[in-house]
Amino acid sequence: MCRRFCPSTGLLYFFLLYCTLPFNVVCQARDTQAILFLTTNPINADVLLDGEPLVEQTPLLLRDLDSGSHELEIRKPGYSTELREVDLIAGEIRNLEIDLASLSFDPEFPEEETVMIDGHREEAGETLYQFPGGSYSFNREGGSLQIEPLFPQDGWIRGLNLAIPLSVAFSTVLTLHDIFYPKRAALQFTEDFSLSPVTLSAYGLTFTLISFDIALYARRSKARKAFSYSTTPHEQALHRANEYYARAENLLALGQLEEALRFYTRVLKGYRDSPLYPYALFKTARIHFLTGEDSLATIEFKLIADHYPLPDLYDKAHRGLADILMRQGAYQESIDRLRRMVFADPLYSEEQIKLLEAEILEDWFTEDPQVIARIIEAYTAMVNGYPASDNLDLYRYRAAYYLHLADRDAEANALLSPLDPAVLDEDLLRRFQDLRRSMEVRQ
Amino acid sequence: MKRILTGAVLILICGTFFCFGEDPRDELYRELSTSLEQAEALVAEMVLQDEASVTGEQLAELQSLDLQIQGSLYSDLIDRSDLLLTLTTEQMLFQRDPQQLQAQVEGLLLSSREQARNLRRSEVRDKVLRTCFNTTLISFASAFTLWGLGELQDRRYFQATTIEEGTLRRRLFQVFSIGSIVGAAVGAIGAGVSVTLYAGAR
C-alpha cells in the first residue's frame, strides 16, 4: 500500500476527477425523439410524467420522449412538491436538475448541552433537529437556549387586540350620539331610541373583528397542538455525506486507495439520498476496475447505468461495463453495452465508440474467424459514415485489410484506391504497402 | 563446536519452517477470500442478467459470510465484504415485486390527485374569501359614506328655502339612508361568510 503521494496515483486521481467533472450540456441525440436526464437534490424522489407515475425514482433517464411540452411532478416526503414543464426539441438530450426545497429546517446546537423547545427541555450536542418550516424565536434565558415557534396568526392577533377596543369605543360613541341626538334611524328600538345605519355598521365591523380574532386564536391553538419536531443523530445528517466524500477525494489525491474506498463506502452505506451517492458509486467502481476487482466494479457500474443515470456518469458506466465484459471475453455483451450509450458525455463521441466496437470485433476475430464479416461491415460503415474524419485513412486501410483476408480483393482495392501514400503516417504507410504487396502476390 | 553447529542447523530449520511453512491464518484468509470472490462473482453475474435477481436466501448466505469475515479481522476482506453486502442490499431494493410496485404507483397517483384537488379547492376558497372580505369592507365603508351623505342632505333639508328643494333633500336623505342600511346589511352578511370560510380553512 502506497502511503505517500506518488505520481501514478496522482494521475489516477486526476483521471477520476476528470471523469466526473460536472457539466450541463445540451447536445444532439441520435434519433428524432428527445432524451431527458432528470436529477434532484436529494435523489430518490418520485416522478409523475404527464400525470403518469414512474416506477423508477430520480435520477432518471427518460428515453424516447416525444418532442414538445411535458409536465413533470416531483415528489419526496419531507420536501415540497415541484411542478415543472419542459419543452423538448426532437433529437435533443436535456439535463434537468431540480433542487427540492426542504419543508423542514435542520439545526444543530453542538455547543449546547440542552435546549428548551416550545417549553420542553431536550438534549442538544450531537443531535440534529428537524423543525417544520416556519418562523422561530431564539432567546437565551437563564443560561439555556429557548426556541419558540412563531405562528403566522400571532401578528394578526396582536393587531386585532388593538383594533377591537378601538372599534368597540367607536361603536359606543356612535350609540351615545344616537341616544342624545335621536333621528330617523335604521333600527327603531323604542320611540325615543333607534340606531343609525352607521352605528349598526360599526357594530357589524366590531363583530367581524371579534369573530376573526376568535378564529385566529382557534387556529393558533390548533397549530400549537399540531407542532412537532423530530431528532436524528448527527451521523445521519445528509451533509455528512459531503464530508465523507471530500475526505475520500483527498485520500484519493494522496494515493491512499484503500482509505479512500472506505470513505466512499461510508457514503454508500448511510446516505442513499445524497446527490453524491452516484458519484461515490462511480469512484468505487473505477477504483475496483483499476485494481482488477471486476465483480465489484460490474455491480457498481450496473447500478449506475440502471438506477443512477446521471448525465456525466451514464455513458462512463456503460463504457466501464463494456471494458469489463471485453476483458472477460464476452464480446457481444460488451458491444451491446456500448450501444446503450447516449453520448450525453462530451468525453465520448459516437465515432470513437464505433471504432471501439470494431476493435472489440477484431479481438473477437482472434477467437472466432466468422466475425470477419461483421468487422468488414463495421469499418465500411465508418468509411461511409465519417467521410470527414481524421482517421478515414485508417478506417479504409482496416476495411481493406479484412476484405483482403476474406478474399474480396476487388472491394479492398476499391477502398484503398483513394488513399494517397504521400500523406499517410509512417506506420500506416508501412501497413498499407504490406497489404498492397500481399494483394499483388495473391493476384 | 559440534553442538553449536547442530544448534545453528536446528535454528535454521525452525526459521525455514516459520518463514515458508503453512500458516493456519493464511489458510483461513485464502478460504474466506475465495468464498468472498465467489460471492462477488455470483452477484455480478446475476446483476448482468437483467431478469435474474438475488434471492432472500442468497442475501442471508452473504450476511453469514460477512459475519464470518467480520470476525476474522482481515481488514481488506472486511471492507470488501461490507461493500458487497451494501451493494447487494441496494440492488435488492430495486427488485420489488409487481404487487408492491403497483401499490406504490397507485399511492403516488392517489396522493398527486388528492393534492391537486386540495390545491384547486383551496384556490377557490381563497378567491371566495378574498371576495367576501373585500365586499364586507366596501359595504361597511359605503354604509358610512351613505350615512354621511344622508346626514348632509338632512342638514340641507332644514336649510332649504323652497318646497321643491326641501322635497328633493328629503328624498335624497331617504335614498342615502336606505343605501346605508343595505350597505350595513351586506357588510354583516359578508362578515359572517368571511369568518366562516376563514375558520373552515385548513
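## Chain B at a glance

Of the 202 residues in chain B, 19% are buried, where buried is taken as 20 or more other C-beta atoms within 10 Å of the residue's own, exposed as 12 or fewer and partly exposed as in between, with C-beta atoms placed from the backbone. Keep in mind that this is a predicted model: local features need pLDDT of at least 70, side-chain atom pairs count only at pLDDT 80 or more, and totals for chains, interfaces and linings use all residues. As for labels, residues are numbered from 1 along each chain as its sequence is written, while chains are lettered from A and ligands numbered from 1 in the order in which they are written.

Chain B has six helices and zero strands, so its pattern along the sequence reads α-α-α-α-α-α. Helices here are DSSP runs of H or I with at least four residues, strands are runs of E with at least two, and both are numbered from the N terminus. Among contacts in chain B with a separation of 6 or more, 69% link residues 24 or more positions apart; a contact means that the two C-beta atoms, placed from the backbone, lie within 7 Å.

## Where B meets A

On the chain B side, 37 residues are in contact with 34 residues of chain A. Helices H2 (24–48), H4 (75–93), H5 (98–159) and H6 (163–200) of chain B each supply at least two residues of that side. Sorted by class, it holds 24 nonpolar, nine polar and four charged residues. The classes go like this: Ala, Val, Leu, Ile, Met, Phe, Trp, Tyr, Cys and Pro are nonpolar, Asp, Glu, Lys and Arg are charged, and the others, Gly among them, are polar.

Helix H5 of chain B also carries B:Phe158, which counts as exposed with 8 C-beta neighbours inside 10 Å. B:Phe158 sits 11 residues from B:Arg169 in sequence, and their C-alpha atoms are 8.9 Å apart.

## A helix pair in chain A

Helix H2 (residues 153–180) and helix H3 (residues 197–226) of chain A pack at about 160°, with axes 9 Å apart. That makes H2(A) roughly antiparallel to H3(A), a label for angles over 145 degrees. The axes are lines fitted to C-alpha atoms over the stretch in contact, and angles run from 0 to 180 degrees between N-to-C directions.

By class, the contact between H2(A) and H3(A) has 17 nonpolar, six polar and four charged residues.

## Two nonpolar cores

A nonpolar core is a set of buried Ala, Val, Leu, Ile, Met, Phe, Trp, Tyr and Cys residues joined through C-beta atoms within 7 Å. The largest one has 93 residues, and A:Val267, A:Ala280, A:Leu281, A:Ile304, A:Tyr379 and A:Ala399 touch the most other members. Helix H6 (residues 277–290) of chain A gives the most to this core, eight residues.

Beyond its neighbours within four places in sequence, A:Tyr379 is in contact with A:Ala358, A:Tyr395, A:Arg398, A:Ala399 and A:Tyr402. There's also a second, separate core of 21 residues, including A:Leu200, A:Ala202, B:Ala143 and B:Phe176.

The peptide bond from A:Asn41 to A:Pro42 is cis, with omega near 0°, and A:Pro42 lies in the loop between strands S2 (34–41) and S3 (46–49). Another cis bond joins A:Thr58 and A:Pro59, the latter in the loop between strands S4 (52–53) and S5 (60–65).

A:Asp118 has a positive phi, near 50°, and is partly exposed with 15 other C-beta atoms within 10 Å.

Key
Angles under 35 degrees count as roughly parallel, over 145 as roughly antiparallel, 65 to 115 as roughly perpendicular and the rest as oblique.
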